[in-house]
Every structure is written in structure tokens, then in C-alpha cells.
Amino acid sequence: MYFHKKPIALYIAVFVSATGTPQVFAAEQAQKTPEVETLIIEHQRNSLIGTAVSASQGEINADEIAIRPMLRSGEILEWVPGMVVTQHSGSGKANQYFLRGFNLDHGTDFATSIDGMPINMRTHGHGQGYTDLNFVIPETIERIAYNKGSYYPEVGDFSGAGSANMLTQSKLEQGHLELSLGQDNYQRLVVTDSVDTGSGSLLFGIEANRYDGPWTDINEDVDKRNLLLKYSSELSGGKFSITGMAYDNTWNSADQIPQRAVEQGLINELGSLDTTVGGESSRYSLSAQWQNEHVNVSFYAINYDLNLWSNFTYYLDDPVNGDQFEQVDERLIYGGQASYQFANTISDMAVQHKFGVQWRVDDIDEVGLYRSQARLRSGAVRSDAVDEQSVSLYWQGQIQLSNDLRTQLGVRYDRFDFDVASLIDTNVYGIDLSGNRGTENDDKTSVKASVIYTLNDEWESYLSVGQGFHSNDARGTIRQVDPLDGNTLAPVDPLVSSLGYELGLRANINERFNTSVALWILKLDSELLFVGDAGNTEASRASKRQGLELTGYYRINKHVTFDLEYAFTEAEFTDFSEDGNDIPGAINHVLQSGLSAVYDNGLFGSLRLRYFGKRPLIEDASVESDPTTVANLRVGYSYNNLTFKLDLLNLFDSNDHDIDYFYASRLAGETELDGIEDIHYHVIEPRTVRASVSWAF
């Protein structure tokens, strides 16, 4: 496969993945448990009783991932109960994520990784914690282990709401070739296989995807290409793997649109006001890992870049040339982890210790914001080089107090260093930015604890508490000049603390019904974020979120399963303001449910329903979005080595919204200098049909 932007760069670095972390340790223990049936169908989840430390942990296997219909690859995270994955722009851009009352934007406060490599981008050109999953080939994922809450010592930055680690396959029993075709010029080719080399196994995955989308004014012209190579073998009494990944993508964007433009007949719901926005991005990585019973060591290096053109306010700032802007991010990330675990006894109590160290360097050649028109730059708003480094130490201990009672205690220390230097002296507005340079550092110690009581073989209860944090954009941590008006901006805190509590219950009844319930609270000191669209830093207020989560997975018989996941959240700012105390974008209700079937005669299918409720768009909740409901259906048939699938996405052709915002914009011809405040939204893509045929070899 040809990647047109640059050859795959090979980097060597060291990396430690989380063997023995609660979620992976749980997976290992679950694999040792004899299964009642060999047939695996959707939602026959491992119970995790006896290994989990909260009711908000879980894991998803490859068979479950394979049966679910998805519009975009980023929707793989919707396997996390309560998570909503949407899009407000082009298919090549990172998705929008919602969980536990957070509008996570593109990833802040939810830490995501693959084979231990971080996916969240610090000090990113578009937004802090940017999480682009387009480089993931879903067919190569073996398992997703997720944690919600801040109770897990091995997870640090961006983990206030939770985390998820995707683990890739090491060996496939069969090769797999699949071709998918659909409406709006949807084309996707995937090839996966593994080869026995004698000394080990070489796995590869190739994906090519093209798509124009249903939009009336643009073709998305998505051109996505992915490559995965992974070599695994036994080495020096342990397991060794080295993995290379390559991703390249270009696209045009159908961004959110103002409601009044549709009502006035300027465009329809599938139209666009700026048809020249879009992006291009690439990600190349190399990682290596070695682990045995006690030690886990790994290294990674990532070469990443993004050019993203957007226009959300149209002619508000520049009534002649328009408000289009370009965001730039070009960086090298490298780092690693190492952990050592062992068991001993203290006062006749069994204790499982784990000590770990993690480090990461973001060497950012440029993170920038430019004014543009039809993707041609007219000048820089700001452009910076950043060196951001972190090192983390943690310890966790699982103590078996009695046959039924155990605890997990943990402490974590994180140190961050920031070095920022402006790459320009004067910006497009004539403002002197030469003084926007400096260094800063910060550290944080976090304590976490869980108490687990096993009621019987089928029921287990949990009480958890933990401190967490997320880092802020490095550019906001130094004293600086506002690139828009030249005013002096005070620095913000580099690390923002959070504190979470949770009471939970989990059950696995007769190996047919898995359920969990969790009551949780999460407090944030302040949601301080760098606003990439404006080029400055804004501080929001302290906040509190609390909620209830309920999951249930029922195996009706050996062929059919039913699942139901419900999340309720209350979210508010904790300091009173006349503007109101509601948190914009916080979803109160999320419901997902599905029915899946796999029959011995080769027939299979999955019907999914997703609902998320209305949410306030401004602090006083005087403007709210409507709720959103969408259903997807997959039906298929397997015969010998051939499999046929038919996906009906947005089955009932809903025209609900993927996302809504409320802000001021100005259309061509409008005379209001301050713009008009309006709802801006991105509609769900209309019903689309995709057919696939695959061959196992």
C-alpha cells in the first residue's frame, strides 16, 4: 500500500504496557476460567468477579466488536457503557465524545491508548487531549479494556472520566479479506492475516477506505489508508512483540451549520456554507514490548501531523474574506513504561504489589493557528514550538484481607515540564508575540483506594475513591500576550485536579446474566482549556458531576443475547453565577440497547438502538438541544469460507442531530457586527446501506 505524504519513519524507543493493571489482570484471570460454552456472541462479557476493583471496569473481545454495525471506526469506543461518539465535521477528523456528563470535545478527560501507546494529544493544534481513532483497524483489535472513574493508579493524564486501552491481535487463525461497498461512493477494503515465521508470528492488517458522504454541496473525498505490522515471539523467558503502524488520510469537511441558514432556505440540512474546509493527517508509529510473569517493559515512538481547515463563524471577524482558519500540528512523541509486580504476605494476608514508571516526551515542531481563505494562508495568528515532558511513578497493592474482603490501594506521582517558544515575532493582526516564550513545571500526587466485598459466587460490591487530573495546553502555562488583542494573559494551572467517588455492585448469575450498577460523583477544581480556535486560554469554573449507571447483558439462549446500558448524569458548576450553573453539552440521559444473534446455520445479525437526551447549550439552560435517537442493523450469512453482510445505518432515517452548539456567527449579507447567536448543528447522516463480502483463507 502506498502512503503518499511520506515514507514510514522508523523510530526506536522503549515502552512498558500495563500487564497486571486491574483491567488486564482481570482479563488474564478471566481467560483462565473455563467457559460454559465455546460459542462466543455479543455481550457474553467476562464477569470480572474476583478481579475487578470497581463496577465501572469491563472488557470487550474481538467477536463482540465484529458483529456490531458502525458508521465510523471511532464508534468502537461506544462499547464503553454510557459513551456517545458523534461527529461535527468531516470523517477524517477526531470524533466528538460524551461520557459521564462531559462533552469530552475530542478526548479531554478520557485517556485512550493502543497497546499502551497514548492516543490523546497534549498541547494539540485543535484541542487538548485530541483523540483521533481513524488509524485503528477494528478487525485487528483483540480486546478493549476500559475503566471509568479515577480509581486506577496506572492511569494518569486525561483520566478523570475514565480510560480505555485497545490491544491488537498477535496471531490470527485465518486470513481475512473483506470488500465493502455502499451509498455515496463508500468503498472499503481490509486484509488481515498472520504468518508463522518459525521463530514467531508476523501479523499484518491493511485498510483502504474512500467515501464521499451524503452532503449536497461537497464530496468528502475521504482517502484513508492504514497499515499494521506486528511481529511476536518468545524471547528470554518472556513474550516479545514489535509493532509498526502507518496511517494517512485526506478529506473535505461538512461542518456544523447555523439553524437560521436552513430556515431561510440558504442551504438544506446536508448543505455547507464554506465548501473549502477539510484536512489531512498522518500518524506513523513503532513500538516494542517484552513481558514475563513479573516484568513488563515497552517503548514507543510516534510521528504525527495534522493540517485542519475550519470555519465556524463564517463572516463574523472578516466580512470580506471570511473567518476560515487553519490549525497545524507537527510532532514526534516518544516514551515508555516499565512495571514490576510480585506477591508476598503481610500478617498472613496475601498482597500483590505493582511498581511502575512511565515517561513521555512531546517534541512539537509546530503547533499553530493561521487565517486562511480556501485553504490558502493569509497570516499566522500564532505559531509555537513546544517541548512537553512528563515522568510518572506509581505503586498499587491488592490486599486480601479475608476470603471475601480485599482492597486495592495506590499512589501516583506525576511531574510535567513545559518549554514554549513562539516561532513568529509579529502575527497577522500586528501584535508582537516575540515574548510568548518561557518554561514552567508542575507536579501532582494522587491517592486512590478501593474496597471490594464478595457477597457470594455471583455478587460482588465495590467502594472506590480516587484523585485524578488532566494537563492543560502548555501554551497557557506561561505568561503571554493574547494573539487577538495584545492584552497580557495570566498563566493557568498546568495540572487540573479531580476527585471521584463510586459505590458499585456487579453480578454474574447462572453464567447467563451479567449486570452492574454504579453510583458515582466527580468533582473538578476548574476546567481550564486552551481554545485552539481563538489561540488563547480560557478558564471555566469548578464543577461537580454525579450519576447512576446500569448495565445488563442477558444470554437468552445459546444463539441470542440482549443488552441494555443506561446512564443518568447531573452536571453543574459549583460556584454560583448569574449566567447560570448548567454545564453546556452535558448529557443527562444515555440509553443503548441491542439484540444480537448467531445461529449454527450461518445466519447472524445485530440490531442496535442509541438514545441520548437533550442537553443545555448555555449556562442558564434557556437554550437546549433536542434528544437524538438512531438505530443500526446488521444482518449476515456465513457459508464455508464466505461471509455476506448487509448494514442499514440510521435504519429509520432519523434527522436528529449528532451535535449542537449555541454561539454567534455572521452569514454573508448580514449586517449585525456582533453576529447573531444561533444553534449550530450537524445532522445525523441519512439512512445508508452498505454491503460486504469477506473470504477467510
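Predicted model: local features only at pLDDT ≥ 70, side-chain atom pairs only at ≥ 80, totals over all residues.
1. Now for the overall build. For 697 residues, a compact globule would have a radius of gyration near 26 Å, and the chain comes in at 25 Å, so the two agree.

2. How much of the chain is buried? Of the 697 residues, 60% are. The accessible surface comes to about 26400 Å², and carbon and sulfur atoms hold 54% of that. As for contacts, take those with a separation of 6 or more: 68% of them join residues 24 or more positions apart.

3. A quick look at charge. The chain carries 52 positive and 98 negative charges. How far apart are the mean positions of the two sets? They are 4 Å apart.

4. Is Ile 60 buried or exposed? Its relative accessible area is 0%, so Ile 60 is buried. Ala 145 is 85 residues away from Ile 60 along the chain, yet their C-alpha atoms are separated by 6.6 Å.

5. Asp 63 belongs to helix α2, residues 62-67. With a relative accessible area of 42%, Asp 63 is partly exposed.

6. You'll find it in strand β21, which runs over residues 437-454. Its relative accessibility is 45%, so Arg 437 counts as partly exposed. Which residues does Arg 437 touch, leaving aside its neighbours within four places in sequence? They are Val 420, Ala 421, Ser 422 and Ile 478. For Val 420, which is 17 residues from Arg 437 along the chain, the C-alpha separation is 5.1 Å.

7. Staying with Arg 437, have a look at what its side chain does. A polar atom there lies 3.2 Å from the backbone oxygen of Ser 422. The backbone oxygen of Ser 434 also lies 3.2 Å from a polar atom of the Arg 437 side chain.

8. On to Ser 622, in the loop between β32 (603-612) and β33. Ser 622 is exposed, its relative accessible area being 53%. Its side chain makes a polar contact with the side chain of Asp 620, at 2.7 Å. Another aspartate to check is Asp 582, which is 40 residues from Ser 622 along the chain; the C-alpha atoms of this pair are separated by 10.0 Å.

9. Two residues are worth a look for their backbone angles. Most residues other than glycine have a negative phi. Asn 640 is not a glycine, but its phi is positive, about 55°. Where is Asn 640 found? It is in the loop between β33 (628-639) and β34 (642-649). Asn 640 has a relative accessible area of 68% and is exposed.

10. The other one is Asp 653, again not a glycine, with a positive phi near 55°. Asp 653 lies in the loop between β34 and β35. At a relative accessible area of 37%, Asp 653 is partly exposed.

11. Last stop: Glu 670, in the loop between β35 (657-665) and β36 (676-683). Why does Glu 670 count as buried? The cut-off for buried is under 20% relative accessible area, and Glu 670 has 15% relative accessibility, so it falls in that class. Its side chain makes a polar contact with the side chain of Arg 260, at 2.8 Å. Setting aside neighbours within four places in sequence, Glu 670 is in contact with Arg 260, Ser 665 and Ile 676.

Methods:
Residues numbered from 1 in each chain as written. Heavy atoms only, no water. Rg over C-alpha atoms; globule rule 2.2 N^0.38 Å. Buried < 20%, exposed > 50% of the residue type's maximum accessible area, 1.4 Å probe, protein only. Contact = heavy atoms within 4.5 Å. Areas by Shrake-Rupley, 256 points an atom, 1.4 Å probe, with all protein chains shown as cover. Lys, Arg positive; Asp, Glu negative; His and termini not counted. Charge placed at Lys NZ, Arg CZ, Asp CG, Glu CD. Helix = DSSP H or I, 4+ residues; strand = E, 2+ residues; numbered from the N terminus. Polar contact = N/O pair within 3.5 Å; in protein donor to acceptor, adjacent residues only side chain to side chain.
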